[in-house]
Amino acid sequence: MTTPTTPTTPAATTAPAPSTPLPAATILGYPRIGPDRELKRAVESYWKGATSADELRAAAAGLRRATRERLRGLGLSGPAAVPADFAYYDQVLQVTSALGAVPARFAHLRGGAGQGHPGLGLEGHFTVARGQGDLAAQEMTKWMDSNYHYLVPEIDESTVFDYAPGFGAIDPTDGPAAQVLEALAAGEPDPRPVIVGPVTYLLASKPADGAAPGFRPIDRLDDLLGAYGHLLADLWAAGAQWVQIDEPALVADTWGVPREEVLAAVHRAYAWIAAIVERPRVLVTGAYGSLGDALPVLGATGIEAVGLDLVAGALPRDEDLAALGGKSVVAGVVSGRNIWRTDLEAALTTLERLRDALPQGAPLTVATSTSLQHVPHDVEREARLDPAIRSWLAFADQKVGEVLTLARGLAEGRDAIADELARDASLRAQRAAHPGVRRAEVRDAVSAITPADRARPPYAERKPLQDARLGLPLLPTTTIGSFPQTPEIRAARAAHRGGELDAAGYGAQMRAEIERVVRLQEEIGLDVLVHGEAERNDMVQYFAELLDGFATTEHGWVQSYGSRCTRPSILWGDVARPAPMTVAWSSYAQSLTDRPLKGMLTGPVTIMAWSFVRDDLPRAEVADQLGLALRAEVADLEAAGIGVIQVDEPAIRETLPLRRADQPAYLEWSVGSFRLATGGAASATQIHTHLCYSEFDVVIDAVDHLDADVTSIEASRSRMDILPAVAEHGFARQLGPGVWDIHSPRVPSTEECAELVGRAVDALGAGSVWVNPDCGLKTRGYAETTTSLRNLVDAAARVRGGLEG
Ligand code: MET
Ligand SMILES: [Zn+2]
């Protein structure tokens, strides 16, 4: 382990010269992707080689200009009101790239931006994000409990943290300091750069492959601070009066570093940063929850402002607020996570309570709880949305308006915003009274749920019945559900949606596709077949479109990772299933084959995690409504003769609360809703579930409690590392650890698959193991799919032969 060295930037004890205060209203960040996904198009066209780096830079500069103008136009004014938070790909990669902090396999990319510059340059930046040949991309993982994925830094004892002042780091034109210069040159009086903070950066990192056992990224804090010091000095030199340093990691206690050490790191980092002479004033934000005991630690340092998430987090204790002294407080009362109008009355009350608890005259800024990167741009564009529903919503631009309204109300009193308060109250009342929001039959059905509805007979009773019915071999083979989505399928769906292809024509085309997929699986020799999910645009939206209580948008895109965007559905009302959703496709597929055909559903927790969920009903209750709708679908599938049904829950882990204390209650209702969906299935019906990650040890108990007969998980990249832990836990039912990494176009050989199957058999016993890919195949092509599945089936046969012979 390295001994931390003392940070190298000259530090002094004087705070920066007095400068401008924070404005009365701001936002912590704005969507970067563009109202029409302009950034996605520009970046992807550059990747394809269709446009040059200069064209990409020009497109990015255009987006930044449009954002600044939009935010000013909406009324954000005063110094430091407009954030400069652009990133081509990801805000964490932004830091990695600026500091050249790449793992050894990418070391050659350092200096790619020009002579003497440690940063990566544009090309290197994307290489780290996307990989190149045998050089694997940095791993992605969910940012806090959101649906946004960041690129996980890989840190070891020798990771370089370097920052050359005078450059914008990624590239002379795009780094944080360059964004400041650009904004100033464009007439923006006081741009506020936004960067991920050093403590969060390290907590969100993982040890690089070559790190010594026991090495922890947080142990490199002092070295990292040195580089941040240079970065802050550069921002100052560029003319930034304020910098926003995001430290969301402080709201979670699940990082595997003891909390005392996290707090010590916070103190060390911000006492040190505060002591830098030439730096902008520092706003440290703690979004996605409460800062809790980190707040007094920040309060005791010389930083100038703290940002509180008062939507996901609670108001801090009075004594912690009093102890902030004269620091500015940025109060996040408008949610950056959901798309509902803010309850202005409630938010104003929170703001007033906060003001009362702060020292007299302490500056208070009204803000969003997080960056608005999690919400779409502008609800006004949703012309096809039911106007009633639209009136309840606020996307990013509307949220800017809410922040401004609240700031005015706080400064001038309630009367000054009486009209807005009245309008909000009236919309709120209309929403509550809307017939779809509260449906008596749905509420009654949820109240009538009994514990017995969530329980199937014991597995020991179910297993022989399923074995007898299905007659599967040892090590049965299957897939996770989707087959490649070909251009023809997408074109048919688009034509159907656009009205050029009628329902009959569309149905015929989908059935032809299903038949092709079934025949292919038979020919390859898989044991449990699927229909291939050709008709599904998306595993959540498909159900959202067929269930009551959901709305979908036309332009509601949000960045998921890099250039990838999703368009979450809006779950606004009580959920009901007007008609079967999957039965026709599944039973058609089953009619084509004698082999068992697996019906495919998406589970309640995943539907919620990948939608914008109503804020007027506890999530547990929403989950049960979904559970009941899916339960009816399960019953209809069974009635249609489907004997194997998979209910996917890949998101059960990503919405796990950030604080340990909140996790048991979440797991209770999330698992409960899955069991409600599946609890009515006959003993002879085999219930599968699927989770997309291998490190499911944190939720292994919960997964066990799902009580599925078969669980498939991702395991190929980790080479089945998880299995000993699974075996030790005593996971009692069948498991399908993936043997093919479907995230890459690489075809696994029979030997490779067989070795992984062998490991699984060693760990779990042959009777418990299924052989399947890591996840669905919709993003793969047919060539690699066919070969890989053949190899997978051969591997199962080989291991089976070895066991039987
Ligand atoms: C993200 S998990 C995907 C599961 C789905 N059944 C599929 O195969 O695509
Ligand atoms: Zn998956």
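## A guided tour of the predicted model

Begin by selecting β1, β5, β7, β8, β9, β10 and β11: these seven strands form an open sheet in that order, with parallel pairing. The edge strands are β1 (83-84) and β11 (364-368), and each of them pairs on one side only. Strands pair if DSSP finds at least two bridges between them; helices (H or I, at least four residues) and strands (E, at least two) are DSSP runs, numbered from the N terminus.

The model is predicted: local features need pLDDT of at least 70, side-chain atom pairs count only at pLDDT 80 or more, and totals for chains, interfaces and linings use all residues. Residues are numbered from 1 along each chain as its sequence is written, while chains are lettered from A and ligands numbered from 1 in the order in which they are written.

Select β10 (residues 328-334) together with β11; the two pair in the parallel sense over five bridges. Within this pair, V329 stands opposite L364 in β11.

**The helix across β1 and β5.** Next, select helix α5 (residues 176-185), which lies across β1 and β5 (192-196). Helix α5 runs at about 165 degrees to β5. Axes are lines fitted to C-alpha atoms, for helices over the stretch in contact, and angles run from 0 to 180 degrees between N-to-C directions.

**Helices α3 and α4.** Select α3 (residues 91-99) and α4 (residues 121-130), whose axes come within 10 Å and cross at roughly 125 degrees. That angle makes α3 oblique to α4. Angles under 35 degrees count as roughly parallel, over 145 as roughly antiparallel, 65 to 115 as roughly perpendicular and the rest as oblique. The crossing of α3 and α4 is right-handed; a crossing is left-handed if the near helix is turned anticlockwise from the far one by less than a right angle, and right-handed if clockwise. To display the contact, pick L93, T96 and S97 in α3, which meet H125, V128 and A129 in α4. Residues are in contact if their C-beta atoms, placed from the backbone, lie within 7 Å. By class, this contact of α3 with α4 has three nonpolar, three polar and no charged residues. Ala, Val, Leu, Ile, Met, Phe, Trp, Tyr, Cys and Pro count as nonpolar, Asp, Glu, Lys and Arg as charged, and the others, Gly among them, as polar.

**Helices α11 and α13.** Move to α11 (residues 344-357) and α13 (residues 396-412): their axes come within 10 Å and cross at roughly 50 degrees. The two helices are therefore oblique to each other, and their crossing is right-handed. L344, A347, L348 and L351 of α11 make the contact with E402, T405, L406, G409 and L410 of α13. The residues of this contact divide into six nonpolar, two polar and one charged.

**The five-stranded sheet.** Now select β16, β18, β19, β20 and β21, an open sheet in that order with parallel pairing. β16 (598-602) and β21 (734-737) stand at the edges with a single partner strand each, so one side of each is left without a neighbour in the sheet. From one strand to the next, the twist averages 20 degrees. Inside this sheet, β19 (residues 686-690) and β20 (residues 710-713) pair in the parallel sense over three bridges, and T689 stands opposite T711 in β20.

**Helices α22 and α23.** Select α22 (residues 619-639) and α23 (residues 663-678), which pack at an angle of about 20 degrees with their axes 7 Å apart. They are therefore roughly parallel to each other. The crossing of α22 and α23 is right-handed. Among the residues that meet are A620, L630 and V634 in α22 and W669, L676 and T678 in α23. By class, this contact has nine nonpolar, four polar and two charged residues.

**Ligand 1.** Finish at ligand 1, which 13 residues surround; a residue is near a molecule if its C-beta atom, placed from the backbone, lies within 6 Å of it. The closest are I480, G481, S482, P650 and G776. The shell around ligand 1 divides into six nonpolar, four polar and three charged residues.

Technical notes. Two residues are in contact if their C-beta atoms, placed from the backbone, lie within 7 Å.
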